[in-house]
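Biologist: I'm new to this one and would like to know what the labels rest on. Can we go through them one at a time?

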Amino acid sequence: MTVARLLVPAQAKRGEFVEVRIAIQHPMETGFRMDNNGRVIPKNTISNLVCRYNGAEVFRAEMGSGIAANPYLQFYFVAQDSGKVELDWVDDAGAKGSASAAIVVT
Amino acid sequence: MRREAAPRAFPSSLGIGIYANGLPALRATRAGQGHTWSRAEGWGGGTFIRLLVYSFTLFCLAVTTADAAQPFRPDPLKSGIDFVGAEVRGLQQDDFASPAMLWATRGEKLWATPAGKSGKSCASCHQDARVSMKGVTAKYPKVDPGSARLVNVEGCINICRTRHQQAEPLRYESDELLSLTVYVGLHSRGMPMAVTIDPQNRRNFERGRDLFYTRQGQINLACTHCHDRNFGRKLLNDTISQGHGNPYPAYRLEWQTLGSLHRRLRACFFGVRAEMPPAGSQDLLDLELFLAWRAQGLKVETPGVRR
């Protein structure tokens, strides 16, 4: 069970910059570490993260070993219509996660 | 107010006096004799002087016993957050950016998830944690009335699981146990630490206190040497804090994950190259009680963020 948090303001004015904040619980294994038996722990980072606003992609991130565990991301987009902000991500091990939030534009 | 570290072999009230008032005569005499007595004999062994010295020793004992419940405490108490930089402080204050809050979110889900044969969740008995768990963490560790053993919040959650949910206890330091502990602690955030030392837990308190003042490991340091005498100074690149447990379970940037107070304490044992007691062991529980007493009045910061 992984936790992903997505924060979008519930309401916004049309044409306004909207702040989106994302936090995901993920170990972000670098692939450079070894376990207690000396075996390499395979690299496992969030390889692809996509954020869509009413179906249109507004943000994409491809993260590698340089990003710390439990990544925090923040970006802005311009509010146009009421609708849904959806977050989907997949990691190197194939695990998927998602979160969504609604926004009302007046 | 600088104190000598007391050897662990002082089980009696005399041992308490060592930390309590630091009278040189008492500090130098291991069992209340020796130095003082030999000097009295050196003066000719007059009965009057003997009596005088004897009554003075008794007086010292009385004074130290009266003060016994007051080992040294840093004054003013400062939370570890006062010893970190602005970025880390900002991370702790921002409930969204703080990675520790991910565990709290997960804890909130687990709170309402049924576990074990009983099919009960935490919420089945305790209902809304915002009400039932308010101020709970601030009063732990406590003696569990059922088993008469000292338990911390982690231990209490596991007691609930085995006794009421008929579920397997969660492994110490597992994400599930940490998440629930953080979620419970969240409802004490901002409240002053308020353990009480009573006849039930006094023995644990004394053991924890003795451990705090006992030199450990190859480096041969006691907790007191860093956290009472040298807080605010540098240890390599790090600023030494007063060593309070108020933010735990906390997210440490060094760990890249959330960890319990016992994990942090084990790191200190490792640092002085001492044998590390297992997480959840009696030694660490007793130490946790002493630390909670020592931090009385400091605000609970669970879940904190540290370097």
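Modeller: Let's start with two helices: V153(B), E154(B) and I157(B) in α9(B) meet L177(B), L180(B), T181(B), V184(B) and G185(B) in α10(B). Two residues are in contact if their C-beta atoms, placed from the backbone, lie within 7 Å. Bear in mind that this is a predicted model, where local features need pLDDT of at least 70 and side-chain atom pairs count only at pLDDT 80 or more, while totals for chains, interfaces and linings use all residues. Residues are numbered from 1 along each chain as its sequence is written, and chains are lettered from A and ligands numbered from 1 in the order in which they are written.

Biologist: Why are α9(B) and α10(B) called roughly perpendicular?

Modeller: The axes of α9(B) (residues 153-163) and α10(B) (residues 175-186) come within 10 Å and cross at roughly 110°. Angles from 65 to 115 degrees count as roughly perpendicular (under 35 is roughly parallel, over 145 roughly antiparallel, the rest oblique). The pair therefore gets that label. The crossing is also right-handed, meaning the near helix is turned clockwise from the far one by less than a right angle.

Biologist: And how do the residues of the contact of α9(B) with α10(B) divide?

Modeller: There are five nonpolar, two polar and one charged. Ala, Val, Leu, Ile, Met, Phe, Trp, Tyr, Cys and Pro are nonpolar, Asp, Glu, Lys and Arg are charged, and the others, Gly among them, are polar.

Biologist: What makes S188(B) count as buried?

Modeller: Buried takes 20 or more other C-beta atoms within 10 Å (12 or fewer is exposed, in between is partly exposed). S188(B) has 24 such neighbours, so it's buried. S188(B) sits in the loop between α10 and α11 (202-212) of chain B. Beyond four places in sequence, its contacts are G135(B), V136(B), T137(B), A138(B), V300(B) and T302(B).

Biologist: Which residues of helix α13 of chain B are buried?

Modeller: In α13 (residues 261-271), they are L261(B), H262(B), R263(B), R264(B), L265(B) and R266(B). They pack against β6 (257-259) and α14 (282-294) of chain B. After α13(B) comes R273(B), with a positive phi near 55°.

Biologist: How many helices and strands are there in chain A?

Modeller: Zero helices and eight strands. Both kinds are DSSP runs, numbered from the N terminus: helices are H or I of at least four residues, strands E of at least two. Of the 106 residues of chain A, 21% count as buried, and its C-alpha trace spans about 60 × 20 × 20 Å along its principal axes.

Biologist: Where do chain A and chain B meet, and how many residues are in contact?

Modeller: Eight residues of chain B touch 11 residues of chain A. Helix α6 (residues 100-111) of chain B gives the largest share of chain B's side, three residues.

Biologist: How do you know which stretches of chain B have pLDDT under 50?

Modeller: By pLDDT, the predictor's confidence in each residue, from 0 to 100. Chain B averages 83, with 77% of its residues scoring at least 70. Residues 1-45 of chain B stay under 50, and residues 60-68 of chain B are below 50 too. Where pLDDT is low, the predicted coordinates should not be read in detail. The model scores ipTM 0.92 and pTM 0.81.

Technical notes
Axes fitted to C-alpha atoms, helices over the stretch in contact; angles between N-to-C directions.
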